[in-house]
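Hello,

Here is the structure I promised to pass on. Please have a look at it, and then read my notes below.

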Amino acid sequence: MRRELEAIRKFLSSPRQDVADNSLWRRVTELTETGTIVGKRIEFTTRDIERLRQFVIREAGVDPTLGGLPRDRATQADRTSDEKLALGGVFETMVTFTRPAGGVIPVRGNPFVPSGAFLSIPVQSLLARCFVTETVVVVENGQTLINSSQIRWPEDLSNPIVVYKGHGSSQKPLIRWLGTLPREQVVAYFDFDPAGMMMASRYPAGACLIPKDWQAIRQNEAGNKLREFHLQSASAKQMEAANNLPADIRNHILQNRLSLTQEYLTAKHFELIICPIT
């Protein structure tokens, strides 16, 4: 139902009186008994549009012309009996840390996290600046966070503070928090491909992690996602001109059409090294 309600909200916030005829809008018209199919479009009368508005108010407890569905389930539960209509994920306001060998996390209270455990805190807990003396590594996905103890970290980075870059509403506050740290203490670890390298170059990080033997990796590497590389044509063009990344590494990725995920690098026990971002 959430998809249908959000589709109605977007439609009502536009000046249009018709939408493309597709399965989602067929479902909406069945639920609301509105709309007339004309060719490849579904047209709505003024009365239909009001029925759509009243449908959202009844189901979600919010006027779609005044605002969208709330992101958190508690707020949605206060309005209707279906908390799952909320747009946000349950943990999207949380920031998650770990330490490969266990250690203190530099947030409020300086909690100790054992090896193999994780600390998730509300994003608001990052607002107070903490004294950080160790390297913080930002990883691209949650699986890499889970597998952090299996990663072959650089010798001088054996037990970093690892944080998941997050999704939803936690991303921007995390980036702001990272921006309060000395740039040389922040390291980005994303996929070894144009998109991953460009993402790393835009973070408030002084370096990123790449395979130590990157020069030996060729297009025929078993885990190389050639199709994914071709889907990243825009990022490839940007990386070609990204002077804040080493030219020899950029050229190697482009010439060999490389796209290696963090999961693959971890599973195949690739040793990592630090690549400077200037």
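Is the crossing of α7 and α9 left-handed or right-handed? The crossing of these two helices is left-handed (the near helix is turned anticlockwise from the far one by less than a right angle; clockwise would be right-handed). The contact (heavy atoms within 4.5 Å) involves Pro-194, Ala-195, Met-197, Met-198 and Arg-202 from α7, and Ser-235, Ala-236, Gln-238 and Met-239 from α9. By type, these residues are 6 nonpolar, 2 polar and 1 charged.

A word on the source: this is a predicted model, where local features need pLDDT of at least 70 and side-chain atom pairs count only at pLDDT 80 or more, while totals for chains, interfaces and linings use all residues. Residues are numbered from 1 along each chain as its sequence is written, and side-chain values use heavy atoms, leaving out hydrogens and water.

Back to the helix pair: α7 covers residues 194-202 and α9 residues 233-240, and they pack at an angle of about 55° with axes 8 Å apart.

Gln-185 is buried, with a relative accessible area of 14% (buried means under 20%, with a 1.4 Å probe and protein chains only). Leaving aside residues up to four places away in sequence, Gln-185 touches Val-132, Thr-133, Glu-134, Thr-135 and Val-136. A polar atom of the Gln-185 side chain lies 3.2 Å from the backbone oxygen of Glu-134. The C-alpha atoms of Gln-185 and Val-132 are separated by 8.6 Å, with the two residues 53 apart along the chain.

Best wishes

How values were computed. Axes fitted to C-alpha atoms, helices over the stretch in contact; angles between N-to-C directions. Helix = DSSP H or I, 4+ residues; strand = E, 2+ residues; numbered from the N terminus. Nonpolar A, V, L, I, M, F, W, Y, C, P; charged D, E, K, R; others polar. Buried < 20%, exposed > 50% of the residue type's maximum accessible area, 1.4 Å probe, protein only. Polar contact = N/O pair within 3.5 Å; in protein donor to acceptor, adjacent residues only side chain to side chain.
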